[in-house]
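Please keep the sequence and structure at hand while reading.

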Amino acid sequence: MSDPPRRYRIHDVERTAPRPEPGLYLVATPIGNLGDITLRALEIIAGADRLACEDTRVTAKLLARFGIRRRMFAYHEHNAEDAGAALLADLEAGLSVAVVSDAGTPLVSDPGYRLVREAIERNIAIIPIPGASAALAALLASGLPSDAFFFAGFPPQKEQARAARLQELARVPGTLVFFEAPHRIADSLAAMAEVFGARQAAVCRELTKTFETIYRGSLAELAAAFATMERVRGEIVVCVAPPDAEVAATSEDADAILVGLLAEMKPTRAAQEAARLTGRPRRELYQRAITLKDGQ
């Protein structure tokens, strides 16, 4: 006996979801506003043989909104090995498997890429179902260049590791896009201001949700603003402008500026002023100022 047809509902109109062809479907879901779900995503979520979710409680809200009744399977970083093996077995048996994260596009900052790599090695079809993406939504709203960008995920939590990672990214010729937790955003912005210098940035909070807020300004201005906030809540994306190749000074230019500044001020202040004048990272200039000071 065949399974009964699965259904979903849009504006109180019930529809039948066809069973997808066998394969691994990576389905983007809304990052806040449930109205951002696509028709194709609903068909796949409702009709696939298996639905794997990062958190079944979160996905259950989406299913309820569109009248979808079906079993869900948990697939997340803590059970990826066992759950992944079970999903691969289903895929090799010729079933269709849909994977969704809590919000946005699967595989972005979650373990799904491992499942995809193993599925590719087994010649299983991979079908992306595009849709909402917090990184792209923030980039669009930031007002920063979007012709080239680099998604850097979450910065490291520890201060030294974060500074080292930001230094690696300082010369990327494109807008940088980060995710960050609300309780770390003030410290991260301060670290970015120190490493990246006087770049423009945007902090996008709670995108597509009721309290969506976008803050724009220099990294130093944003760091100062968030340092005064008692409590920050919500999902956060930070976009940082690329380095200005036309304005950025050479190392020789920066040294000449630092020598002049060091004659009148301490290395910390000299590095801060040199960063403003040259567009080069303040941390880099501070280290150079110390070297120049010691050599005098």
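The model is a predicted one. Its largest pocket holds about 820 Å³ of space, and the structure has 12 salt bridges.

**Largest pocket**

- The lining comprises 34 residues, and those closest to the pocket centre are Ile 31, Asp 102, Ala 103, Gly 104 and Glu 235.
- By class, 17 of the lining residues are nonpolar, eight are polar and nine are charged.
- At least two lining residues come from each of helix 2 (56–65), helix 5 (134–142), strand 9 (175–180) and strand 12 (236–240).
- Helix 2 is the top contributor to this lining, with four residues.

**Positive phi angles**

- Most residues other than glycine have a negative phi.
- Asp 12, which is not a glycine, has a positive phi of about 65°.
- Asp 12 sits in the loop that runs between strand 1 (6–10) and strand 2 (13–17).
- The relative accessibility of Asp 12 is 70%, so Asp 12 counts as exposed, the cut-off for exposed being over 50%.
- Thr 208, also not a glycine, has a positive phi of about 70°.
- The loop between strand 10 (200–205) and strand 11 (213–218) contains Thr 208, which is partly exposed at a relative accessible area of 24%.

**Salt bridges**

- Side chains of opposite charge can pair when their charged atoms come close.
- Arg 122 and Glu 92 form a salt bridge through their side chains, at 3.2 Å from N to O.
- This pair links distant parts of the chain, 30 residues apart: Arg 122 lies in the loop between helix 4 (112–121) and strand 7 (126–129), and Glu 92 lies in helix 3 (residues 80–92).
- Arg 122 is partly exposed, with a relative accessible area of 38%.
- Glu 168 and Arg 165 form another salt bridge, with their closest N and O atoms 3.1 Å apart.
- Both residues belong to helix 6 (residues 159–169), and because Glu 168 and Arg 165 are three residues apart there, about one helical turn separates them.
- Glu 168 is exposed at 58% relative accessible area, whereas Arg 165 is partly exposed at 29%.
- Lys 209 pairs with Glu 206 in a salt bridge, the closest N and O atoms being 3.5 Å apart.
- Lys 209 is partly exposed at 28% relative accessibility, while Glu 206 counts as buried at 14%.
- Elsewhere, salt bridges with shared partners join Glu 92, Glu 118 and Arg 122 into one network.

Note on methods. Residues are numbered from 1 along each chain as its sequence is written. This is a predicted model: local features need pLDDT of at least 70, side-chain atom pairs count only at pLDDT 80 or more; totals for chains, interfaces and linings use all residues. Side-chain values use heavy atoms; hydrogens and water are left out. On a 1 Å grid over the protein atoms alone, a cavity is a set of points where a 1.4 Å probe fits but cannot get out, and a pocket is an open set with protein on both sides within 12 Å along at least five of seven lines; lining residues have an atom within 4 Å of a point. Grid points are joined across faces, edges and corners, and a volume is the space filled by probe spheres set on the points. Ala, Val, Leu, Ile, Met, Phe, Trp, Tyr, Cys and Pro count as nonpolar, Asp, Glu, Lys and Arg as charged, and the others, Gly among them, as polar. Buried means under 20% relative accessible area, exposed over 50%, partly exposed in between (1.4 Å probe, protein chains only). A salt bridge is a side-chain nitrogen of Lys or Arg within 4 Å of a carboxyl oxygen of Asp or Glu.
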